[in-house]
Structures are given as structure tokens and as C-alpha cells.
Amino acid sequence: MKKSIVYTAVLGIALKAMILFFVLSPSLANAQKFAYVDTDYILKNIPAYESAQEQLEIMSKDWQSEIESQYADVEKMYKEYQAEKVLLTEEMKQKREEEIVQKEKQVKELQKKYFGAEGDLYKKRQELIKPIQDDVFNAIKELASSGSYAVIFDAAGGASMLYSDPKYDKSDDVLQKLGYKN
């Protein structure tokens, strides 16, 4: 009798496993495909992107030097004013203070013009980088469509992946779609 109870229990488990298999098999057949790309890696392998980055870096450094130079002029004006302050009349003091404040205001406006939220650097970045990023995005969409991927993750910039199998990295495929070989 003990054997028949054990046999019945094993048969019940096997039957449940078979039912579970048949229930889950349609959903396993329709399992979604996932992949990931590393957009930092992709962009670093596009010469036009590297060139654009270099251009932006040069412009940024030039503008930063210009701003620093003008701030140095403001500082020089202020030190000269402090040194001569005791010799100046109230009217002369007020005029010099206004000149210093005006010069500092001009430098801040120039800094905003170059580096502000809608400044020249932002506009140049949009002009140089955005078309490249759009091309990469379109290549990723094309890859997702042709490869029937449900989702393609970006592993760049702090994406939280605890593990990623390199066989699912489609970064080189995106570069190839863009016409770059690596």
C-alpha cells in the first residue's frame, strides 16, 4: 500500500508537470527577444561624432578662456579701484563702481550667451551631434524591427544591468547598419 501511495504521488507530480509544460509552452514559444547596445561605444566608433566632440571642446575652451580673461579684467579694475579709492571723490568712486559692475554684468551675459541653456554651445551641439544621434536611434529601431526584438536596452550611462551576456550585445550591428566597421 505504501508503494501505491508513493506511486500515485509521483504520478500526480508528473501529471502536474506535464500540464504545466503544456500550459506554459505557448507562452514560451512567444517569448520576447531582448538585446542591448552601448551607445557610448557606438558613438566613439563613429568618426564624425569624435570630430564633432573635438570641435565642441575647442570652442568651449576658447570661450572659457575669453570669459576668464574678461573676469581677470574685472578683478584688475576692482583692485585698481581699491588702491585709488582714498584719492577719489564720491562722484568718481560711484562712476568707477558702476563701470566695474557694468563690466561684470557684460561678462556674465557673455557667459550666458556661450554656455546658457539655449546658448551657442548648446546650439552648436544640436547642430553637430543630434543628426548623428538620430542616425544611431534609427539604426537601432531598424535592428529591433528586423531582429524582432521587443526591447533593446542601452548599457551606457549607468543603466542597471547586473549581468549581460555579450552574445546579446548588438552595438557592432548598429555600427554596421550605419556603415562603420569595427
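With which side chain does the side chain of S171 make a polar contact? In this predicted model, local features need pLDDT of at least 70 and side-chain atom pairs count only at pLDDT 80 or more, whereas totals for chains, interfaces and linings use all residues. Residues are numbered from 1 along each chain as its sequence is written, and side-chain values use heavy atoms, with hydrogens and water left out.

The partner of the S171 side chain is the side chain of D169, at 2.7 Å, a polar contact being a pair of N or O atoms within 3.5 Å in which, within protein, one must be able to donate a hydrogen and the other to accept it, and in which residues adjacent in sequence count only if both atoms are side-chain atoms. S171 itself is placed in helix α7 (residues 171-177), where helices (H or I, at least four residues) and strands (E, at least two) are DSSP runs numbered from the N terminus. With a relative accessible area of 1%, S171 is buried; buried means under 20% relative accessible area, exposed over 50%, and partly exposed in between (1.4 Å probe, protein chains only). When neighbours within four places in sequence are left aside, S171 is in contact (heavy atoms within 4.5 Å) with Y36, V37, D38, Y41 and I42.

The protein chain as a whole holds seven helices and two strands, which run from the N terminus in the order α-β-α-α-α-α-α-β-α. Of its 182 residues, 21% are buried, and residues 24 or more positions apart account for 79% of the contacts with a separation of 6 or more.

Helix α3 (residues 47-84) and helix α5 (residues 120-128) have axes that come within 10 Å and cross at roughly 170°, the axes being lines fitted to C-alpha atoms over the stretch in contact, with angles running from 0 to 180 degrees between N-to-C directions. The two helices, α3 and α5, are therefore roughly antiparallel to each other, a term for angles over 145 degrees. On the α3 side the contact comprises A52, Q55, L56, M59, S60 and W63, which meet D120, L121, K124, R125 and L128 in α5. These residues divide into six nonpolar, two polar and three charged.

P131 lies in helix α6 (residues 130-146) and, at 39% relative accessibility, counts as partly exposed. The C-alpha atom of P131 is separated by 9.7 Å from that of Y49, a residue 82 positions away along the chain.

Key:
Parallel < 35°, antiparallel > 145°, perpendicular 65-115°, else oblique. Nonpolar A, V, L, I, M, F, W, Y, C, P; charged D, E, K, R; others polar.
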